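Please read the following note with the structure open beside it. The numbered points begin with one residue, continue with another, and end with the chain as a whole.

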Amino acid sequence: MTVTDETQTREAPELEIGRARFRKEDERLITGRSRFTDNMQLPGMLHLAMVRSPFAHATITSIDTDAAKAAPGVIAVVTGEDIKDIQGVNANAWPITTDQVTPTHLPVVIDHVACAGEIVAVIAARTEAQARDAIELVDVDYEELPAVLDSKEALKDEVLAHPDLGTNKSAFWQLDSAAQGSGGDVEEAIAKARTDGVVIEREFRQQRLIPAFMEPRSTVVDPTGDQLTVWSATQVPHILRFLIAATTGLPESKLRVVAPDVGGGFGGKLQTTPEEFATIAVARRLGKPCKYTETRSESLLSGHHGRDQWQKLTLSAEKDGTVTGLKVELIADLGAYVAVIGGGIPVLGAWMFNAIYKFPAYQFNCQTVLTNKAWVDAYRGAGRPEATFGIERMMDELAAEVGVDPLEIREQNWITHEEFPFTTVAGMTYDSGNYEAATAKAKELFGYDALRAEQARRRADKDPVQLGIGVSTFTEMCGLAPSRILGSLNYGAGGWEHASIRMLPTGKVEVITGSSAHGQGHHTAWSQIVADRLGVAFEDVEVLHGDTAIAPKGMDTYGSRSLVVGGEAVVRAADKVIEKAKVIAAHLLEASADDLEFSGGRFGVKGTDRGLAIGEVALATFAAHNLPDGVEPSLDSDATYDPVNFSFPHGTHLCAMEVDTETGATSMRSYACVDDVGVIVNPLLVEGQIHGGLVQGISQALWEGAEYDENGTLVTGSFVDYTLPTAADTISFVTDTTVSPSTTNTLGTKGVGEAGTIAATPAVVNAIIDALRPLGIHDIQMPCTPERVWQAIQSASTPPEGEREAAPHFDERAPNQDPPGGSITEGGAQ
């Protein structure tokens, strides 16, 4: 999809929604007029450095701070014991079961360290360099304890992440279609298929990832005014304010939280972090403004991580490939603590493993466990990428088993567009979609048939570089929203969003939104929505957010909820402005309000040429010289919107990968995707979100992975070892859209922020496996590095002793033949 800025060529009547506007905020951001938290400078401000544990598990026996206190520029060295009454806790807001085991998560630990990187002391100094120089002078005596680092080992409870808890098992959660009445008995479906059908059983690994946002986390706290003010690089200023008040005893009315410009988040900044609470506590103790900004290494070590699951999937089908049942068994590694919504992240996948397919029976089982690693929470997609990866890999496996094209097996089982709204086996009601249209367009853009023909030729020619084609037809639930549903799941907050619109006397408009942007383009999209709704110029709309003193109500930004929830609140606030203005306009025009119509920003009397622009009404309201009796002189309006359902975007992603069977090297040949995100407010913003999401999803498939050694030390603690892609590592993507408007909001929009990430990973891995399937390779553990691909090829090509002469060449194996010698689950074939 090609997009250009049409700002200079627009005709006056053209609507804003659907226009490819360049982002309003970009000029300020790219010319250095932005204000990130680390740019903040306050009079008398101190700089903080965190003393962190090098051990994954240990008891603290003593802390000697004398040498550090004597260091140049150091004002104080604060331990957990010093601030135990005021530091609060990092709370878990989503206990997924009533008996969930939840260890207390202190911002600055006192006597027990549960993972490497935990804060054991805080240094306050006049400069950042002086604070960091003093870290080495703090003498902490540790008694190292055995660490549990593997989630499967953790289930045995032989080594405990928290000895006082007596177990590593945090919670077990289940969704069963038979029990809740949304489908049949999955065990019966599987048993029947074992005798008269097809059963596919696989185990997949979702490796641990690190959000790696552009701007490291930073916090500034000023305790010197009537209010305690916190500036933080956060996605969730309103949630942060609430949890500070709830866990420290500070009155919420005396707290102001500001999220200034925020350089990316991807879920990595929706936490309330130990560093935020530690900075608040030290600032209160010393009575001086304090700033903490993490280094990149600290960000990778002690910011929360994502994913980290083992997935055991069992799929049953009839002999022709019609699915009959799906059983999911997850082990989800939470790390050392149950983060703010960390325990619930794997549970979000419960409604998505069934995806777009008409499974008659379904069961989802999730066991969360504690280990001595960094805690895990939301990372772009949050439970949905994990689920999509699992089911899309299984659909490819089913296609191979039945002997049909992967797209054919999907079409055979997906919900057709005539069947919407459709209630799934997991109990979700999908409101709209058209999987046929998205797939047809994607196939055409991709050149699917031609690539399949090329693949056949290269196999016949015994080409050492084989071509694989990967498919991912996905949907997701986003706009984390309906409060009543969240309440039924024991989620600690609602899913509503708030907006206010202020009509200024000059005709300009201020939009105050509870959504808090960190790169999504809210200023631009919200301006387009309001410009159309109120008939004012795009340039005349100002969007304010991220400051609880200006936008006191909100549920913030995550889970692709901003447009479908926050944008709808803006629409409803604008409609209230129109209704208020209509009463005053009717009075000024000496007409009945029933005789007025509003269009293009103007109230007109039906059948006449008399009318007033909404800006004229705003000025008359401000003057208040001639208002109807009993009407207040204000057009300002608020709206709080709580959705009735999630939104369900979908798409078809197709990937062609070339795999060198001699070296294991992989390269992306082409990638095409067609996404349906409902009505599009700004195609340029959608394109940016899709592109960014694609790169993150592809990166999980090929490059990224957080690794620990046997002692619990993060060995991918810098960008030297934690591999992020650059522009040189990717290709130009072919993208397009179809439109199936949502029926649950006014604009017909659906979420888009996580679509690329959710869909891309299985498309890439499916392509690599497709290239190597003639060797009997059914899985390669992510990331699919050349080494892992080569090892899988070698394992598949090396038969047991005594059988080597019989080993077939690449093109001689049957398409679904297993490798000689069985399966390899750790980093090889399965």
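**Note on the predicted model**

1. Leaving aside its neighbours within four places in sequence, R307 is in contact (heavy atoms within 4.5 Å) with Q206, Q207, L209, D333, V376, Y379, R380, A382, P385, E386, Q700 and T757. The model is a predicted one, in which local features need pLDDT of at least 70, side-chain atom pairs count only at pLDDT 80 or more, and totals for chains, interfaces and linings use all residues. Residues are numbered from 1 along each chain as its sequence is written, and side-chain values use heavy atoms, with hydrogens and water left out.

2. R307 belongs to strand 13, which covers residues 306-317. Strands (E, at least two residues) and helices (H or I, at least four) are DSSP runs, numbered from the N terminus. The relative accessible area of R307 is 5%, so this residue is buried; buried means under 20%, exposed over 50%, and partly exposed in between, with a 1.4 Å probe and protein chains only.

3. Which polar partners does the side chain of R307 have? A polar atom of this side chain lies 3.0 Å from the backbone oxygen of Y379. The side chain of R307 also makes a polar contact with the side chain of Q700, at 3.5 Å. A polar contact is a pair of N or O atoms within 3.5 Å; within protein, one must be able to donate a hydrogen and the other to accept it, and residues adjacent in sequence count only if both atoms are side-chain atoms.

4. A233 is found in the loop between strand 10 (228-232) and helix 7 (237-248). Is A233 buried or exposed? Its relative accessibility is 4%, and A233 therefore counts as buried. Apart from neighbours within four places in sequence, A233 is in contact with T37, E215, P216, R217, S218, V262 and K269. I210 is 23 residues from A233 along the chain, and the C-alpha atoms of the two are separated by 17 Å.

5. The chain as a whole contains 21 helices and 28 strands. Its radius of gyration is 28 Å, close to the 28 Å that the globule rule gives for 830 residues, so the chain is as compact as a globular protein of that length. This radius is taken over C-alpha atoms, and the rule is 2.2 Å times the number of residues to the power 0.38. The C-alpha trace spans about 100 × 80 × 50 Å along its principal axes.

6. Of the 830 residues in the chain, 60% are buried. Among contacts between residues at least 6 apart in sequence, 78% join residues at least 24 apart.
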